[in-house]
Amino acid sequence: MKNKLFEKYFVFSPYFWLVLFFFIPLAIIFKISISVSEWGMPPYQDIFLFDNGFKINTTFENYVYIFSDYYYIGSFVNSLILALISTFFCLLIGFPLAFYIATSNIRLRNILLVLVVIPFWSSFLLRVYAWKIILQNNGILNVILLNLGITSEPLQLLYNQYAVIMGIVYTYLPLMILPLYGYLNKFDLNLIEASKDLGLNRIKTFFKVILPLSVPGIVAGSLLVFIPVVGEFIIPEMLGGSDRLYYGKILWEEFFVNRNWPGASALAFSGIIILVLPIVIFQILYSRWSQKNEI
Amino acid sequence: MDNNFLVIENISKSFGDNKVLENINLNISKSEFFGLLGSSGSGKTTLLRILGGFEKPDTGRVILDGTDITNLEPFERPLNYMFQSYALFPHLNVFNNLAFGIKENFTQKEIEINVRNIAELLSIEHLLNRRIKQLSGGEQQRVALGRCLIKKPKLLLLDEPLAALDKKLRSKTQLELTTLQKKLKITFVFVTHDQEEAMSLSDRMAIMKNGLILECSSPEEIYENPKSLYTANFIGIANIIEIYKKDENFYSDDLGINFKLNKELKNTKTNILLRPEKIKIQSINNLKTSSFNSFSGEILEKSYLGSFTRYEIKIKNMIISVLDQNFNSNSNYNFPKGEKVICSWESESIKVLED
């Protein structure tokens with residue numbers, strides 16, 4: 001009897017986790033997003049009022065406010081584009097790396113995997129800061145370029161969208177490589193040999209055999225990069241400039257600078273819905289497709 | 001017959017310090033069904049992979065139909081390779097697996113016709129729309145075979161073609177494979193560790209051990225007249241007896257009897273092979289023991305195999321295997337355990353092993 005209880009607890013513990021750290025915070029954010037804002041602490045009114053009998057005090061004005069100002073929508077679109085570009089580059093660099101690691105011998109494979117994971121041992125903030133040092137006007141890269149005579153004056157490498165993309169690709173690359181590796185590791189290398197034997201050269205073999213069979217790994221890695229990048233705050237804040245505003249930064253400003261908690265909550269909640277809903281639909285369609293194709 | 005259709009010349013291959021193949025030379029004729037037989041680690045699969053182009057030899061050449069293919073990529077070689085695991089593409093159905101190698105050079109209509117023809121040849125027309133996971137082992141084997149044959153290769157390489165099938169299916173497929181090969185007249189080279197499979201499929205076969213070819217001949221020749229002790233033991237059941245010259249005859253200490261040989265020997269001491277079915281077994285009452293080419297012993301073990309009965313007969317320090325064909329349908333015909341019997345053989349049945 002005791003064992004059964006333990007088993008039940010064990011099985012449901014991930015759900016407890018999910019409820020405690022995902023659904024309850026989400027509900028709180030939603031609650032704040034439909035509250036009326038006011039000057040005070042906290043800067044919003046309760047949604048249930050009991051002064052003169054029971055009264056529900058909610059408003060959708062915060063949502064109207066968010067969606068009627070292109071400032072907010074534009075930043076979200078910027079973040080989506082940033083996430084798409086970053087995911088693409090992570091895939092472009094990560095796929096060959098993951099494939100190389102998965103197909104190399106066991107000793108080399110372990111060394112390479114450690115190399116992929118090593119950056120995680122140092123602080124994320126420090127790593128981004130290091131890029132700042134490399135890219136700044138009197139940074140290492142500019143010094144090298146100047147001394148080699150490639151440029152006559154320092155290039156503005158920092159504080160623009162390219163620095164942001166580079167920083168994101170650098171930081172998120174392991175998140176692409178690891179799931180891809182996990183999938184490619186199980187790849188039957190005989191299939192590649194069979195394809196070559198049947199007359200397809202390396203490039204055709206890649207597109208006809210390796211790529212179609214890697215779709216699950218590509219999907220997993222891409223989602224792992226895409227979703228957090230949309231809300232990324234620190235990298236655009238440290239490496240980015242004023243040329244482009246991103247969702248994470250706007251959210252932070254709305255909350256901490258403007259102290260508009262209901263507005264920030266509405267922005268956060270809309271972001272989650274806009275991002276998560278298509279992904280959930282995609283996952284359902286995709287799992288159906290992969291079941292049909294038995295990949 | 002063109003004896004030089006496939007020429008394997010001085011092929012050597014090492015992986016690090018490990019010498020896998022040492023100076024392999026083989027000539028294989030057109031339309032021949034050729035077997036490479038050896039235990040694991042003998043280098044047979046490496047040799048096949050060199051022919052397929054998946055490994056590059058350290059030295060030597062491979063010449064197919066007059067063309068040196070040693071440095072060609074797998075996709076440039078006019079041959080195909082059937083993998084032990086079949087390596088069928090799980091993301092494609094049977095039709096597209098079969099059509100995989102011809103999609104490039106043919107129109108949709110020609111592809112359709114070719115796939116239908118090959119499917120008919122292998123009786124898998126009803127499977128064309130299936131996915132690979134929905135196929136049985138035997139069906140997968142046919143698809144793998146069809147995927148190669150549709151390309152009309154000059155040479156088909158098969159890595160353990162029947163190893164993944166269950167026993168009953170294996171003997172059926174063995175027969176089909178030989179029939180198919182004779183019909184298509186494509187040169188087949190296959191690798192196996194199963195001596196029965198090698199014997200029943202091959203026109204000629206090579207016995208490999210530690211990266212060397214010990215013998216290369218027809219299955220009959222290798223079974224009846226093996227040159228080495230290893231081959232004699234590897235193929236079929238073998239009674240190996242050590243003999244040495246004593247006066248005019250040869251004597252075995254283990255059996256305590258004399259042997260009369262038809263042949264002069266170079267060495268004074270040698271091993272001889274006596275196959276178990278060459279030994280005649282008789283009741284001791286029928287006959288007196290002769291001093292040559294016969295011995296009397298006691299039946300230690302007996303296993304009834306249907307068409308044959310296998311006896312293990314103890315004589316002095318040795319146990320000799322005898323296969324006795326069951327001519328008589330009377331079950332009492334068999335000798336019981338513990339019975340004293342006389343075994344005898346013809347002088348020609350004794351094969352001297354050179355090394």
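Mentor: The model is predicted. Begin with A:Arg109, which lies in helix α4 (residues 106-117) of chain A.

Trainee: Which side chain of opposite charge is nearest to A:Arg109?

Mentor: A:Arg109 is buried and has no salt bridge. A salt bridge needs a side-chain nitrogen of Lys or Arg within 4 Å of a carboxyl oxygen of Asp or Glu. The nearest side chain of opposite charge is 12 Å away, and it belongs to A:Asp188.

Trainee: Which residues does A:Arg109 touch, not counting residues up to four places away in sequence?

Mentor: Contact here means heavy atoms within 4.5 Å. With residues up to four places away left out, A:Arg109 touches A:Ile101, A:Ala102, A:Ser104, A:Tyr181 and A:Asn185.

Trainee: What area do chain A and chain B bury between them?

Mentor: The size of an interface is often given as the accessible area lost when the parts come together. The contact takes 22 residues from chain A and 23 residues from chain B. Carbon and sulfur atoms carry 58% of the area that chain A and chain B bury, which comes to about 2100 Å².

Trainee: How many salt bridges does the rule find across the interface of chain A and chain B?

Mentor: Side chains of opposite charge can pair when their charged atoms come close. A:Arg202 and B:Glu73 meet in a salt bridge, at 3.1 Å from N to O. Over all chains the structure holds 20 salt bridges. Across the interface of chain A and chain B, the rule finds three.

Trainee: Which residues are linked in a network of salt bridges with A:Glu193?

Mentor: B:Arg49 forms a salt bridge with B:Glu55, and their closest N and O atoms are 3.2 Å apart. Both B:Arg49 and B:Glu55 are buried. The residues linked with A:Glu193 in a network of salt bridges are B:Arg49 and B:Glu55.

Trainee: Turning to chain B, how many helices and strands are there in it?

Mentor: Chain B has 355 residues, of which 51% count as buried. Its C-alpha trace spans about 80 × 50 × 40 Å along the principal axes. Among the contacts in chain B with a separation of 6 or more, 66% are between residues 24 or more positions apart. Chain B contains eight helices and 20 strands.

Trainee: How far apart do the centres of the positive and negative side chains of chain B lie?

Mentor: Chain B exposes about 17000 Å², with 47% of it supplied by carbon and sulfur atoms. There are 46 positive and 45 negative side chains in chain B, and the centres of the two sets lie apart by 3 Å.

Trainee: How many residues apart are B:Lys154 and B:Asp65?

Mentor: B:Lys154 forms a salt bridge with B:Asp65, with the closest N and O atoms 3.2 Å apart. B:Lys154 is in the loop between α4 (137-149) and β7 (155-159) of chain B, while B:Asp65 is in the loop between β4 (59-64) and β5 (67-68). The pair links distant parts of the chain, and the separation is 89 residues.

Trainee: What is the phi of B:Lys185?

Mentor: Most residues other than glycine have a negative phi. B:Lys185 is found in the loop between α5 (167-184) and β8 (187-192) of chain B. At 54% relative accessibility, B:Lys185 counts as exposed. B:Lys185 is not a glycine, yet its phi is positive, at about 60°.

Note on methods. Residues are numbered from 1 along each chain as its sequence is written. Chains are lettered from A and ligands numbered from 1 in the order in which they are written. This is a predicted model: local features need pLDDT of at least 70, side-chain atom pairs count only at pLDDT 80 or more; totals for chains, interfaces and linings use all residues. Side-chain values use heavy atoms; hydrogens and water are left out. Helices (H or I, at least four residues) and strands (E, at least two) are DSSP runs, numbered from the N terminus. Buried means under 20% relative accessible area, exposed over 50%, partly exposed in between (1.4 Å probe, protein chains only). Accessible areas come from the Shrake-Rupley method with a 1.4 Å probe; for residues, only the protein chains shown count as cover. Lys and Arg count as positive and Asp and Glu as negative; His and the chain ends are not counted. The place of a charge is taken as NZ of Lys, CZ of Arg, CG of Asp or CD of Glu. Buried area is the accessible area (1.4 Å probe) that two parts lose on being put together, summed over both.
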